[in-house]
Amino acid sequence: MSIEIALKEAMAIEGALGVALVDYESGMALGVLGGGQGLDLELAAAGNTEVVRSKMRTLASLDMNEVIEDILITLGKQYHLIRPLGSSKGSLFLYLALDRGRSNLALARHGLKRIEAGLDV
């Protein structure tokens with residue numbers, strides 16, 4: 001599926017506030033959908049690049065032969081879910097912001113995994 005379709009499918013996840021597909025090497029968002037007042041997806045994408053880079057460095061420093069499935073940031077009213085895509089898709093991650101009161105975290109994680117599997121980049 002294309003980036004545009006993948007972003008639309010991510011926004012169909014219950015409670016989705018915004019989604020971005022981001023290159024963590026450059027910090028550039030390849031696509032964004034949703035967001036709005038209080039959720040600047042371009043800024044969030046750039047900031048979350050540092051989160052992904054830091055975790056990748058930490059795993060390398062610890063000599064852990066592991067792959068990050070996702071990173072969860074829990075806020076008072078939101079979940080921020082970061083899912084690095086498999087190495088075959090380069091240095092990309094999906095970033096999904098969810099309304100904590102209207103979302104199901106397990107279903108959101110499952111949805112992002114499904115979207116990742118179908119994404120062609």
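A residue is called buried when its relative accessible area is under 20%, exposed when this area is over 50%, and partly exposed in between (1.4 Å probe, protein chains only). By this criterion E116 is buried, with a relative accessible area of 12%. The structure is a predicted model, in which local features need pLDDT of at least 70 and side-chain atom pairs count only at pLDDT 80 or more, while totals for chains, interfaces and linings use all residues. Residues are numbered from 1 along each chain as its sequence is written, and side-chain values use heavy atoms, with hydrogens and water left out.

Helices (H or I, at least four residues) and strands (E, at least two) are DSSP runs numbered from the N terminus. Helix α3 comprises 14 residues, 105-118. The distance from its first C-alpha to its last is 20 Å, close to the 20 Å expected at 1.5 Å a residue; the expected span is 1.5 Å times one less than the number of residues. The buried residues of α3 are L105, A108, G111, L112, I115 and E116. These residues lie on the same side of α3, because they cover an arc of only 135° around the axis, the arc being that of the directions from the helix axis to the C-beta atoms. The face turned away from this buried side carries the exposed residues A106, L107, H110 and A117.

At the start of α3, the backbone nitrogen of A106 has a side-chain oxygen of N104 within 3.0 Å. Such a polar contact is a pair of N or O atoms within 3.5 Å; within protein, one must be able to donate a hydrogen and the other to accept it, and residues adjacent in sequence count only if both atoms are side-chain atoms. On the exposed face, H110 has a relative accessible area of 53%. The C-alpha atom of H110 is separated by 9.9 Å from that of I13, although the two residues are 97 residues apart along the chain.

Side chains of opposite charge can pair when their charged atoms come close. A salt bridge is defined as a side-chain nitrogen of Lys or Arg within 4 Å of a carboxyl oxygen of Asp or Glu, and a search of the whole structure finds six of them. Among them is the pair of R114 and E9, at 2.8 Å from N to O. This pair links distant parts of the chain, with R114 in helix α3 and E9 in helix α1, 105 residues apart. Both side chains belong to partly exposed residues, the relative accessible area being 43% for R114 and 26% for E9.

A salt bridge is also formed by R83 and E116, whose closest N and O atoms are 2.6 Å apart. R83 lies in strand β4 and E116 in helix α3, 33 residues apart, and the pair thus joins distant parts of the chain. R83 is buried at 9% relative accessibility, and E116 is likewise buried at 12%. E50 is partly exposed at 43%, and R53 is partly exposed at 24%.

Helix α2 also contains T49, which is buried at 1% relative accessibility. The side chain of T49 reaches the backbone oxygen of A45 at 2.7 Å. Not counting residues up to four places away in sequence, T49 touches V22, D23, Y24, G27 and F93. In the loop between α2 and β3 lies D63, which has a positive phi of about 55° although it is not a glycine. D63 is exposed, at 71% relative accessibility.

Strand β5 is largely enclosed by the rest of the structure, because seven of its eight residues are buried. Two strands pair if DSSP finds at least two bridges between them. Strand β1 (residues 16-23) runs antiparallel to β5 and is joined to it by seven bridges; here L21 stands opposite L94 in β5. The pairing of β4 with β5 is also antiparallel and extends over seven bridges, with I82 opposite Y95 in β5.

Definitions and conventions
Contact means heavy atoms within 4.5 Å.
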